[in-house]
Amino acid sequence: MTTLAPHRDTVDQFVASMHAGADKDALSDILAEDVVLYGPLDDEPLTGRQAVLEAIQTVSAAAADLTYREVLSGTTHHAAYFRLQIDDTVVNGMDRIRFDANGKIAEVT
């Protein structure tokens, strides 16, 4: 039997907060202080809760539509499949999420 990565409930909270407009308080509760965000916006990752919150909120504010469609769970991480639209650009993407020892989101790619 395959053992799935822990903290699926935290991923569900992440998705719910994103659907609620990237709620800062809800996201602050589940992001590690030293969370790292790897993304297509820059060559270097963003590090730290405040910087990652600002980036997530900026994308959320610009999006005309952001819908998470499915959460996939593996043995070491979870991934959340989404559809995002900003102006005429539609992106189908996936957030890969890893956790620290305290169950906080430590890495989002």
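**View 1. Val90 in strand 5.** Val90 counts as partly exposed because its relative accessibility is 40%, where buried means under 20% relative accessible area, exposed over 50% and partly exposed in between (1.4 Å probe, protein chains only). The residue lies in strand 5; strands (E, at least two residues) and helices (H or I, at least four) are DSSP runs numbered from the N terminus. Leaving aside neighbours within four places in sequence, Val90 is in contact (heavy atoms within 4.5 Å) with Arg83, Leu84 and Gln85. The model is predicted, with pLDDT of at least 70 needed for local features and 80 or more for side-chain atom pairs, while totals for chains, interfaces and linings use all residues. Residues are numbered from 1 along each chain as its sequence is written, and side-chain values use heavy atoms, without hydrogens and water.

View 2. Six strands are arranged in the order 2-1-6-5-4-3, with mixed pairing; two strands pair if DSSP finds at least two bridges between them. Strand 2 (46–47) and strand 3 each have a single partner strand, so one side of each lacks a neighbour in the sheet. Strands 5 and 6 run antiparallel and are joined by three bridges. Phe99 has Ile105 in strand 6 as its bridge partner.

**View 3. The largest nonpolar core.** Such a core is a set of buried Ala, Val, Leu, Ile, Met, Phe, Trp, Tyr and Cys residues joined through side-chain atoms within 4.5 Å. Of its 25 residues, Phe14, Met18, Leu27, Tyr68 and Ile105 touch the most other members. Elements giving two or more residues to this core include helix 1 (8–19) and helix 2 (24–30). Beyond four places in sequence, Leu27 touches Phe14, Ser17, Met18, Ala22, Leu53 and Ile56.
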